[in-house]
Structures are given as C-alpha cells and as structure tokens.
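Reader: Hi! Could you walk me through this protein, please?

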Amino acid sequence: MNIKARVISLIREVENGKFSNIALNEYFKENPLSKKERGFITELFYGVIRNKIFLDYEIDKRTTTIKKDWIRNLLRISMYQMTFMKSDDKGVIWEGTELAKKKFGVPVGKFINGVLRSYQRDWEKDVQELKESGKNYIYLSYPEWFYNKFVEEYGIEEGEKFLQSLKKIPYISFRVNTLKYSCDEFEKFLQEKKIDIIKKVDTVYYVDSGILLYSDEFKEGKVIVQDGSSYLSARNLNPQPNESVLDTCSAPGGKTAVLGELMKNSGELLALDIYPHKLKLIEENCHKCGVTIVQPVKMDARKLKEQGKKFDKILVDAPCSGYGVLRKKPEAIYNKNAENVEELAKLQLEILESAAQVLKDNGELVYSTCTILKEENGENIKKFLDKYPQFETTELYIPENVNGTYDSVGGFTVDYNEDILDGFYIVKLRKLSS
C-alpha cells in the first residue's frame, strides 16, 4: 500500500475516536518499516492532525462539498507537504492526482489536481491575509477561544511562541527503573540496537525509535515509557525510605513507580484513584516495575480528611486540561472548550486544599499539572497561599538541560523554551510548624 494511503487510514482511525499515539504505535508494531518510512509517516500523520484547522480552511475555500473523507485527507496530506515539509510541489500534486485516479477514476484525479494547483498558487497570500485580518489562529490551527486564552495570559508574542512550540514533533522517552536496571546497561543496549539518544534527563532518555516498546527490557519493567517532566514532578517530592507518602491522583502509576523507587521499596505509599479499573492499572504497572510497597486505594482526593491519617509527603499531580502534551496528543485540542479549563481549575484547588489538610507539620507537597495555562497553575497556587499562610514554596530541582520559566510564586513551567520535554508545571510547598 502507498505510504500516503496508509496515513489516510491512520487519520481516519483518530477521527473515529482512537488516540493518535495508540493508532501509530499499533500500526508500527504490525507493519515492519524502515526508519525512514516510520519517520515520514510520523511527520505526515501528526502534521495533518496538528494543522487540521488551517488545512480544512484552505480546502473549504476551494471546494463546495467533499463527500468522502478519503479525498479530504488526501488533500490535507498534500497541502501539509507543500506548506510545512518543503516538498517538491509538482511531485506532491502529481502523486495526489495519481492516487485519486487509481481509487476513484480520472474525474476525481482532475479535481484533486485543480484544488492542489490553486493552493500552490495562493496559500502564502492566504496566510498573509489571515495574519493581517486578526485571524492568525486559523494559520496556527487552533480554536479561536484557545488562541485568545494564550494571548490573554501571555501577550501576542509570547502566546504565539507557546502555540508554535506545541506543533513540534514529539519524541518517545523511556525511564530506567533503577530497581531492576542501570543507566550504563541501558546505554549499552541502545548502542547495540543502534538507537540514538536525543536527550537525557537524569534517568529519562529521549530516543529516536519506539521499537523499545517491543523489547524484553520493556516487558520486564527495566524501562518504562515516561516523559522527563512527569518524572521531575515525582522526583521533586524526593520521598525517603520509611516515610509515609501519598499520591493523590495516581493513575496510570508512572509517578507512583518513581516514588516507590526513590523510597527503595521501604515505607508507606498510598496511591489513590476514584475508578477501580485504574487502581488495577496502577497495581499492574508498579508490580511490573518491582515496586511492592504501593497500596492502591479507591478514594476521591477531595475527601482525604475522612481517612484520618497524615503524611510526610504528598504528590498532587492534578487532573488538568492536558495542553502541555499536545505534541503527543494533538487531537485533544478539538474536543475541549474554555469552560473545561474553569471547571478543572476549581477541581485542582479543591484537591490541593484537601491534601493540605492531611500533610504533617514540616511535610512537603508537590503540585503539578501537564498543562501550561496560568489559570490551572500559578494562579491556583496564589489563591492557595493567600488562604493558607502556614504554607510556603520551596526550591525545586530542575536539571540544567531542562528549559522553562519560574513564576512569581516559585513554580516552574516547562514552556516553549524547551524543545523536547512535555509542557508541565511544578511547584513545591512546605507546611510550617503550627
């Protein structure tokens, strides 16, 4: 099957509800391809999903109705190549025309040819007109409310830098589980498999291949898939052996596993979630990693006071809008709205306040989200500190090769300055003695 036809099928799967990362990983598992082919498919697949608003705007400008999704996706793919991949325009148009001819006949081939030639002539002028008319959100391919939210929080220049950074190609990352493996052993394994390291953050490695997902090392829990930002939120809690530790919103258990590893499998580690099937997932993931001290508990994190126990350290990795991970899940932008953010910010603050009630004096708490909106991050912490003066922010551990920005309360955002890690927010709080 032609590579573009394969990408069209993958895009259709996402539009039918499958997560993009799952669709792509399953496809690569079932279809042995060269590194070059995998790279091309990944770029085209994610590129179209990330830029769908702009591509559809350009298609709709040149057509009346397109009844078949296959034809629209062929146009999207071709336009993406011509705009963002610096491909040979004539070659792209020819290939698109020939694919349409083979599938639907000569008239459809001529239609594709005409639309793509029109786009080739005028797309740069269209982009300029969008910018001049205050509709740059269309070219950047974001819902208008989302564009306005970032501009409101960060200003036009910085806001657009954020939005552009979320279009970058994501890299898969694996964390070495030091209970079972070492970084030296892992690096030797990568050399043997001729897999390049793109970036290393402590024990987290960003690599140029996802084939590790099918390795014995992954199956045995020697390495797990985890982003450096996610790892750092747990690492900053820095739990010690024999401490009493709480992970309030723990599914699927990646951060819980980091906590158990740092505790050297000694002490008390409670992992909460409100859904029984997610508790099972936490248990399975931690067991795979050799973390044996985890106690999965079904509980709403807003009701922590009811369980009557206090903890040395608490991780509040709160439910959030997830806009920091749009590189990996670009389709998420199309099914959320401004009301979602407002509701989530309220929920996050409720969970944080609940956790604060069960933290021991001199105890420490890390609040984190995988989003980059101030409303869910720094603004929540300001509200919390105003209400609870017995808390103060404390110094974070951020490796030198992780880029981002500190805010006025001492929280750190992995932002548009960082090319590799997910967008994330981390702040550490200490409860003073009463």
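Predicted model: local features only at pLDDT ≥ 70, side-chain atom pairs only at ≥ 80, totals over all residues.

Reader: Great. How many helices and strands are there in the protein?

Author: The protein has 17 helices and 13 strands. Helices (H or I, at least four residues) and strands (E, at least two) are DSSP runs, numbered from the N terminus.

Reader: And what share of the residues is buried?

Author: Of the 434 residues, 54% are buried. Buried means under 20% relative accessible area and exposed over 50%, with partly exposed in between (1.4 Å probe, protein chains only).

Reader: Switching to helix 15, which residues are buried there?

Author: Leu279, Ile282, Cys286 and Cys289 are buried in helix 15. They cover an arc of only 90° around the axis, so they sit on the same side of helix 15. That arc is taken from the directions from the helix axis to the C-beta atoms.

Reader: What about the other side of helix 15?

Author: There, Pro276, His277, Lys280 and His287 are exposed.

Reader: Nice. What covers the buried residues of helix 15?

Author: The cover includes strand 4 (223-225), helix 14 (254-262), strand 6 (268-273) and strand 7 (294-298).

Reader: And what comes just after helix 15?

Author: Gly290, which takes a positive phi of about 80°.

Key
Residues numbered from 1 in each chain as written. Heavy atoms only, no water. Contact = heavy atoms within 4.5 Å.
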